[in-house]
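User: I am new to this structure and would like a close look at a single part of it. Please take me slowly through the surroundings of the ligand and the strands behind them.

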Amino acid sequence: MTHTSVDDGECVRVGREIAVFSRALYERGWMPGTAGNLSVRLSGGVALVTASGRDKGDMTAQDTVLVRADTGEEVAPGRLRASAETTIHSAIYRTTDAGAVIHVHSPYATAVACRTGRPARLTSLRIERLELLKGLGLADPTRAEVPVFPNWPEVPRIAADVAAHLPATPHAPPALLITDHGITTWGHDLAQARNRLECLESICQLLLLTGAGPSPEGKES
Ligand SMILES: CSCCC(=O)C(=O)COP(=O)(O)O
Ligand SMILES: [Zn+2]
């Protein structure tokens with residue numbers, strides 16, 4: 001087992017930051033009910049993640065759980081459970097240099113993720129030309145293939161798909177969609193992950209407004 005260590009001051013500071021971002025995303029309508037989860041990679045091989053089932057509009061620093069960054073295993077199991085989707089965050093930390101991960105059920109990205117035809121395999125959303133692609137930090141900002149993963153009922157199965165896909169696609173955008181579910185983005189910190197999320201939510205809105213996105217039957221138009 002890899003060694004983990006915890007810096008209490010860092011935990012408090014980052015817990016407050018997660019709460020601030022969470023409340024702001026909730027206010028935008030991107031975390032309805034208790035939907036969505038956020039995490040930040042800390043020093044010492046750990047990450048702080050939102051607790052499962054919490055009202056994301058009411059988050060405080062105490063509503064976070066410390067987990068191993070590479071597996072999502074809770075460091076000191078207590079009253080709160082880590083997000084049910086923690087293994088997806090861990091898959092991203094294990095296979096990229098991400099410092100923060102945001103998952104939301106924002107309306108336009110989720111609508112696009114509902115139009116994939118539900119194949120029981122990984123597909124992708126091709127995006128071309130849109131100026132907002134420049135906000136994703138891509139080597140080639142003229143096009144992107146955002147992976148769309150099946151929404152398996154067992155979250156670790158989604159995480160396994162993510163962990164298998166990301167190392168094979170080093171130039172892929174820092175984002176993924178889950179069919180019928182939502183969107184996840186990452187960056188070196190929460191602000192960068194949030195900015196990338198804003199770009200993709202806006203891109204998905206444009207795809208739907210212009211009819212350039214996937215058709216309701218799941219075929220790309
Ligand atoms: C009420 S939304 C269903 C669960 C979900 O998709 C989500 O994003 C929130 O799960 P968590 O365990 O992080 O609260
Ligand atoms: Zn979700």
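The residues around ligand 1 are Gly33, Thr34, Ala35, Gly36, Asn37, Thr50, Ser52, Gly53, Ser83, Ala84, Glu85 and His103, where a residue is near a molecule if its C-beta atom, placed from the backbone, lies within 6 Å of it. This is a predicted model, in which local features need pLDDT of at least 70 and side-chain atom pairs count only at pLDDT 80 or more, while totals for chains, interfaces and linings use all residues. Residues are numbered from 1 along each chain as its sequence is written, and chains are lettered from A and ligands numbered from 1 in the order in which they are written.

By class, the shell around ligand 1 holds 9 polar, 2 nonpolar and 1 charged residues; here Ala, Val, Leu, Ile, Met, Phe, Trp, Tyr, Cys and Pro count as nonpolar, Asp, Glu, Lys and Arg as charged, and the others, Gly among them, as polar.

Two members of that shell, Asn37 and His103, lead into the strands, which are DSSP runs (E, at least two residues) numbered from the N terminus, as helices are (H or I, at least four). Asparagine 37 has histidine 103 of strand 4 as its bridge partner, and strand 1 (residues 37–41) pairs with strand 4 in the antiparallel sense over 4 bridges, pairing being called when DSSP finds at least two bridges between two strands. On strand 8, histidine 103 has threonine 184 as its bridge partner, and strands 4 and 8 run antiparallel, joined by 5 bridges.

Within strand 8 (residues 182–187) lies threonine 185, which counts as buried because it has 28 C-beta neighbours inside 10 Å. Leaving aside neighbours within four places in sequence, threonine 185 is in contact with residues including Ile102, Pro174 and Leu200, contact meaning that the C-beta atoms, placed from the backbone, lie within 7 Å. The C-alpha atoms of threonine 185 and valine 104 are 8.9 Å apart, although 81 residues separate the two along the chain.

Note on methods:
A residue is buried if 20 or more other C-beta atoms lie within 10 Å of its own, exposed if 12 or fewer, and partly exposed in between; C-beta atoms are placed from the backbone. Two residues are in contact if their C-beta atoms, placed from the backbone, lie within 7 Å.
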